[in-house]
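These are my notebook entries on one structure. I set out what I looked up, entry by entry.

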Amino acid sequence: QVQLTESGGGLVQAGGSLRLSCAASGSISGIDVMGWYRLAPGKQRDLVALISPAGGTKYGDFVKGRFTVSRDNAKNTVDLRMNSLKPEDTAVYYCYAVVFAREYWGLGTLVTVSS
């Protein structure tokens, strides 16, 4: 089993920054892609950012250069640095990982951006 534990959510004013972190634990010897999705009330789940073990990245269209995903393969962690936050970025952010072709999700961390 794989456990993903997020941290770093909270309340921030529009234009501000937050850093989310996620640590993977358990049977993670075959960890592949890691990243973040988000879910806002009444909306569908959005891809935020993904990163491969080699550092290749993919971002959701709405990111537009505001967010940066990074990972530490030795520590099995993935971070998301979010800048220029907007009220529409308010959502629960979920850590995501693929391990031996199986998908795993964290419990989520709430990010609230006030106007």
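**Entry 1: Asp-79 and its surroundings**

I began with a side-chain pair: Asp-79 and Ser-21 are joined through their side chains by a polar contact of 3.0 Å. I take a polar contact to be a pair of N or O atoms within 3.5 Å; within protein, one must be able to donate a hydrogen and the other to accept it, and residues adjacent in sequence count only if both atoms are side-chain atoms. The model is predicted, so I note that local features need pLDDT of at least 70, that side-chain atom pairs count only at pLDDT 80 or more, and that totals for chains, interfaces and linings use all residues. Residues are numbered from 1 along each chain as its sequence is written, and side-chain values use heavy atoms, with hydrogens and water left out.

I found a further polar contact, of 3.2 Å, between the side chains of Asp-79 and Arg-19. Asp-79 is located in strand β8; helices (H or I, at least four residues) and strands (E, at least two) are DSSP runs, numbered from the N terminus. Is Asp-79 buried or exposed? Asp-79 has a relative accessible area of 16% and is buried, where buried means under 20% relative accessible area, exposed over 50% and partly exposed in between (1.4 Å probe, protein chains only). Leaving aside residues up to four places away in sequence, I list among the residues that Asp-79 touches Leu-20, Cys-22, Trp-36, Thr-68, Val-69 and Ser-70; a contact means heavy atoms within 4.5 Å.

**Entry 2: The disulfide**

I counted 1 disulfide in the structure, a disulfide being a pair of cysteine sulfur atoms within 2.5 Å. Which residues does the disulfide join? The link runs from Cys-22 to Cys-95, with an S to S distance of 2.0 Å. Its handedness is left-handed, with -85° about the S-S bond. Cys-22 belongs to strand β3 and Cys-95 to strand β9, so the pair ties together parts that are 73 residues apart in sequence. I also noted that both Cys-22 and Cys-95 are buried.

**Entry 3: Strand pairing**

I then turned to the strands, where two strands pair if DSSP finds at least two bridges between them. β3 pairs with β1 in the antiparallel sense over 6 bridges, and the bridge partner of Gln-3 in β3 is Ser-25. β3 also runs antiparallel to β8, joined by 6 bridges; here Leu-18 stands opposite Met-82 in β8.

β9 has several partners. With β4, β9 pairs in the antiparallel sense over 7 bridges, and Trp-36 stands opposite Cys-95 in β9. With β11, the antiparallel pairing has 3 bridges, and Ala-91 faces Val-111 in β11. Strand β10 (residues 102–105) pairs with β9 in the antiparallel sense over 4 bridges; Tyr-96 has Trp-105 in β10 as its bridge partner. β9 and β10 form a hairpin with 2 residues between them, and Phe-100 in the turn has a positive phi of about 50°. Of the 9 residues of β9, 7 are buried, so β9 is largely enclosed by the rest of the structure.

**Entry 4: Nonpolar cores**

I define a nonpolar core as a set of buried Ala, Val, Leu, Ile, Met, Phe, Trp, Tyr and Cys residues joined through side-chain atoms within 4.5 Å. Which members of the largest core touch the most other members? Among its 30 residues, these are Leu-4, Trp-36, Phe-67, Val-78, Leu-80, Met-82 and Tyr-93. The strands that each supply at least two residues of this core include β1 (2–7), β4 (31–39), β7 (67–72) and β11 (109–114). β9 gives the most, with 5 residues. A second, separate core of 5 residues includes Leu-47, Leu-50, Tyr-96 and Val-98.

Met-82 touches, among others, Gly-16, Leu-18, Phe-67, Tyr-93 and Val-111, with residues up to four places away in sequence not counted.

**Entry 5: The chain as a whole**

The chain holds 0 helices and 11 strands. Its radius of gyration, taken over C-alpha atoms, is 13 Å, close to the 13 Å of the globule rule for 115 residues, so the chain is as compact as a globular protein of that length. The globule rule is 2.2 Å times the number of residues to the power 0.38. Along its principal axes, the C-alpha trace spans about 40 × 25 × 20 Å. Buried residues make up 42% of the 115 residues. Of the contacts with a separation of 6 or more, 52% come from residues 24 or more positions apart.
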